[in-house]
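Hello,

Here is the structure I promised to pass on to you. Please have it open beside this email while you read.

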Amino acid sequence: MLNTDTVMPVSVAWTIIAGFSLLWVWLGWWLGRKNDTLDDYMLAGRKVGMGFAVATAMATWVTSNTTMTAPQLAYQLGIWGMVGYSLGAVGLLLFAPLARRIRTMMPHGFTSGDFIRLRYGNTAWRIFLVISFFYSLGWLISLGMAGGLLINALAGIPYVYGMSVIVIVCTLYTVFGGLKAVIGTDFVQTILILVGVVILAVLVINEVGFDAIHAQLEAERPELLNLLLPASIMFLFNNLFFGVGEIFHSNVWWSRAFAFAPGVGFRAYALAGLFWLPIPIVAGFVALAAPALGINVPSPDMVAPLVAGKLFGLGGAILVFVVVFAALASSLDSVLAATSDLIVKDIYKGHIRKDATDPELRKATVWIILGLGAVTWVLSVPKMATLGSLLHFTGAFVASTIWPIAIGLLNRRGNGILASTAMVLGTATGLYAYFAIGFYVAALVSAAVSMLVMLLALRTEPTFDWAKLNGSTSPQSNGETS
Amino acid sequence: MLVRTIIILAALLVPNASAIAADLTVADDGTSAGYVTLSWPDASGNTFELKEQTSQGWHTLYRGSDRATTLSGRPDGTFEFQLIADGAPVGAPVTVTVQHHPLSRAWAFFAVGATMFIALLVLLITGGRSADADENQTAA
């Protein structure tokens, strides 16, 4: 057991887990009971309205990474750690115009892979699928790990048990309800997250106070207050581009752009970004109270639940538990659904069963969600990296896709060779920077190298025909693009 | 690419030597950013005390039954730690040297990030307009 100083009785923890598990699974079944077509199941019928659209974009972006990794980064990198984390909102804000364009240009599209295949051809498509699948797996593992860590930090329940429950529950209700269930539960989870985080921050300020927190940090951990802490300065734009890379490339966000009703995407993503912006700062601030409270932090990604538990006893522990459980579930289900879409449409239909019918694809989706859940569970069992380091490792991959996607969506110049080279070189140099310098520069280096390659695209002839994006749903029967 | 990815993922996930050592070890080395996680996962004992050498002698940082602690916000310098288990020292003291990145390097990364951010904004604003114009032209 990592943490031996717990505040929540095991019976209370299991009761909460059981209650929310039943609620999410029931909601998943209830919301998904009218799914008739593949469009209904994978894209919620392509008619999600503004309220649900904002809620799902925000809830999906408030993940274990926000509620547990933002405090970790505040604890490791200080003031700029939490401010830098909040720059993740920029990804949502910048995706707003792209979401509108995606919905207009590809009214029948299903996945981000569709776009890469049509825009850049098969080689770039396959490289993109590897990057995207690897990222999704990293995100799923980090979510499973966060569930186990949270329950262990608060109740002392062994990590594997907590992680297993989170993964199994989210897999079940995603299977039952598809994207409609994911978006519906996201709405409820957003409300829980927002209310919970605000209450927690107010309680911390009232209970400990700014002065005590500042004095203790100044005495014990002065560099956390240093606005010129070098690693934090390097981290600022790294996190911004990590967030942009995650959102620009991931099918989690593309599937929502396809699912939102026409005219909804731009405002939904912009509003979600604005609402999300302060959450990492609030969550991160909680971590800075740990030294003033004399809390031992065995693993930096456990700091938020430890502070809440220590400060407010059982009530605080329950509050954090509910907030993080909701945040985890809202993201895990989204990644499961979007990744299964990508596998079904781009790998199963695109490479394995090119003549599969929609009912067959729907059945395959269920099995792929279950398979992804199982793989996530297996890879989450050995908890051997911190959430922050695991997550930022994937930053080297996703940031390499920013420029190929942005230029590909907005400019007729550029081709598959350049896009493939940008993704491969960006990822390779990002990984080198991760190991040679630190996790806080991997995405930045990857995006910069990818940009340098894609600058060459602007010197090519504008030959791409936008009409190729319109009306396409899947690869031709031979798996190749026309 | 896939093979390389798997190798790197395995390197991240497979426990390293320090994680299975019995003595006090560095589990997460962020010394160029001022933080470090010290752990003693397999040390014998029930109650542990982690001490740090200061100018006034050994100072207790942690006392209890946890098996790790994370220190952060440290300035440049060399720090010495000793683990005590059930009243008896465990192994030799461990020395950790914190050396932050030079500010010049930090600002260089910052400048790259800022430039790239501005370039992305310009692309999204001007690219969106020209793409719309392209499309209208095609439709006409």
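For chain A, the mean pLDDT is 83, and 91% of the residues reach 70 or more. If you compare the elements of chain A, helix H20 (residues 442-455) of chain A has the highest mean pLDDT, 96, while helix H2 (residues 38-43) of chain A has the lowest, 62. There is also a stretch of chain A, residues 474-482, where the pLDDT is below 50; beyond near neighbours in sequence, this stretch has 21 contacts in the model. Where pLDDT is low, the predicted coordinates should not be read in detail.

Now to chain B. What is chain B built from? It has 2 helices and 7 strands, and from the N terminus on these run α-β-β-β-β-β-β-β-α. Of the 140 residues in chain B, 25% count as buried. Among the contacts in chain B with a separation of 6 or more, 50% are between residues 24 or more positions apart.

E1(B) and E2(B) pair in the antiparallel sense over 5 bridges, and in E2(B) you will find B:Tyr35 as the bridge partner of B:Gly30. The hairpin of E1(B) and E2(B) has 4 residues between the strands, and there B:Gly34 takes a positive phi near 90°.

Another group of strands makes an open sheet of 4 strands in the order E4-E3-E6-E7 (chain B), with antiparallel pairing. Which strands are at the edges? These are E4 and E7 of chain B, each of which pairs on one side only. From one strand to the next, the twist averages 25°. Within this sheet, strand E3 (residues 48-54) of chain B pairs with E4(B) over 7 bridges, and B:Glu52 stands opposite B:His59 in E4(B). Strand E6 (residues 77-85) of chain B and strand E7 (residues 88-98) of chain B pair over 8 bridges; the bridge partner of B:Ala85 in E7(B) is B:Ala88. E6(B) and E7(B) form a hairpin with 2 residues between them, and B:Asp86 in the turn has a positive phi of about 50°.

How do the two chains meet? The contact takes 54 residues from chain A and 51 residues from chain B. On the side of chain B that touches chain A, H2(B) gives the largest share, 21 residues. By class, that side of chain B has 27 nonpolar, 17 polar and 7 charged residues.

Why is helix H14 (residues 279-288) of chain A largely enclosed by the rest of the structure? It is because 9 of its 10 residues are buried; among them are A:Ile279, A:Phe285 and A:Leu288.

The other place is A:Thr6, in the segment before helix H1 (10-32) of chain A. A:Thr6 counts as buried because it has 20 C-beta neighbours inside 10 Å, and 20 or more is what the label needs. Leaving aside neighbours within four places in sequence, A:Thr6 is in contact with A:Leu154, A:Ala155 and A:Gly156. Look for A:Gly309 as well: this residue is 303 residues from A:Thr6 along the chain, yet their C-alpha atoms are separated by 7.5 Å.

Enjoy exploring, and write back with any questions.

Best wishes

How values were computed. Residues numbered from 1 in each chain as written. Chains lettered and ligands numbered in written order. Predicted model: local features only at pLDDT ≥ 70, side-chain atom pairs only at ≥ 80, totals over all residues. pLDDT = per-residue confidence, 0-100. Contact = placed C-beta atoms within 7 Å. Nonpolar A, V, L, I, M, F, W, Y, C, P; charged D, E, K, R; others polar. Buried ≥ 20, exposed ≤ 12 C-beta atoms within 10 Å, placed from the backbone. Pairing = 2+ DSSP bridges. Axes fitted to C-alpha atoms, helices over the stretch in contact; angles between N-to-C directions.
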